[in-house]
Amino acid sequence: CPDSLGIQLTCPPGVFGDSYGLHEATCDEECGRGQYCPEASTQPSLCPAGTYNNETGKAALSDCVACPKGHYCVQESHVPVPCPAGQFGDQEGLKSSSCSTQCTVHVSMDDPDDVSN
């Protein structure tokens, strides 16, 4: 938005603004959790699937960190979600509830009635 000298002001990192006529570079709103806003953002960018960000006002894609093992993160996640029962996640950055793979059942040859995961 132009200042009193007609110079276009941009939003600083961590916030965004899409309204016309802003008179200062504080813009409209701080970027939320699961989002980031580089300088001059008019809308927040979303953390991609496989990453999350649990703080507001972040400015870069690098602020979206990989989902930890045993969890998955959909797009715009702000909290990693544990893999559901029967599934496990053996790597970081999982993107869906299917996680890495299903757990398998092992039967002991010593005791066929002993079934363990």
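# Disulfides and surface charge in a predicted model

Cys-67 is buried, and Cys-73 is buried as well. The structure discussed here is a predicted model, and a search through the whole of it finds four disulfides. Under the rule applied to charged side chains, the count of salt bridges comes to one, and the surface also carries a patch of negative charge in which Asp-18, Asp-28, Glu-29 and Glu-30 gather.

**Disulfide of Cys-67 and Cys-73**

- Cys-67 and Cys-73 form a disulfide in which the sulfur atoms are 1.9 Å apart.
- The torsion about the S-S bond of Cys-67 and Cys-73 is about 70°, and the disulfide is therefore right-handed.

**Disulfide of Cys-83 and Cys-99**

- Cys-83 is joined to Cys-99 by a disulfide, with a distance from S to S of 2.0 Å, and with -105° about the S-S bond this link is left-handed.
- Because Cys-83 lies in the loop between strand E8 (81–82) and strand E9 (87–88), while Cys-99 lies in the loop between E9 and strand E10 (101–102), the pair ties together parts that are 16 residues apart in sequence.
- Cys-83 has a relative accessibility of 15% and so counts as buried, and Cys-99, at 10% relative accessibility, also counts as buried; the cut-off behind this reading is that buried means under 20% relative accessible area.

**Disulfide of Cys-31 and Cys-37**

- Cys-31 and Cys-37 form a disulfide whose sulfur atoms are placed 1.3 Å apart in the model, and the link of Cys-31 and Cys-37 is left-handed, with -75° about the S-S bond.
- Cys-31 is buried, with a relative accessible area of 0%, and Cys-37 is likewise buried, with a relative accessible area of 0%.

**Salt bridge**

- Side chains of opposite charge can pair when their charged atoms come close.
- Lys-58 forms a salt bridge with Glu-55, and the closest N and O atoms of the two residues are 3.2 Å apart, which lies within the 4 Å that the salt-bridge rule requires.
- Lys-58 is partly exposed, with a relative accessible area of 23%, and Glu-55 is partly exposed too, with a relative accessible area of 42%.

**Negative surface patch**

- Asp-28, one of the residues that gather in the patch of negative charge on the surface, is found in the loop between strand E1 (15–16) and strand E2 (29–30).

How values were computed: Residues are numbered from 1 along each chain as its sequence is written. This is a predicted model: local features need pLDDT of at least 70, side-chain atom pairs count only at pLDDT 80 or more; totals for chains, interfaces and linings use all residues. Side-chain values use heavy atoms; hydrogens and water are left out. Patches are made of residues with over 30% relative accessible area and no salt bridge: like charges are joined within 9 Å, nonpolar side chains (Val, Leu, Ile, Met, Phe, Trp, Tyr) within 5 Å. Accessible areas come from the Shrake-Rupley method with a 1.4 Å probe; for residues, only the protein chains shown count as cover. Lys and Arg count as positive and Asp and Glu as negative; His and the chain ends are not counted. The place of a charge is taken as NZ of Lys, CZ of Arg, CG of Asp or CD of Glu. Helices (H or I, at least four residues) and strands (E, at least two) are DSSP runs, numbered from the N terminus. Buried means under 20% relative accessible area, exposed over 50%, partly exposed in between (1.4 Å probe, protein chains only). A disulfide is a pair of cysteine sulfur atoms within 2.5 Å.
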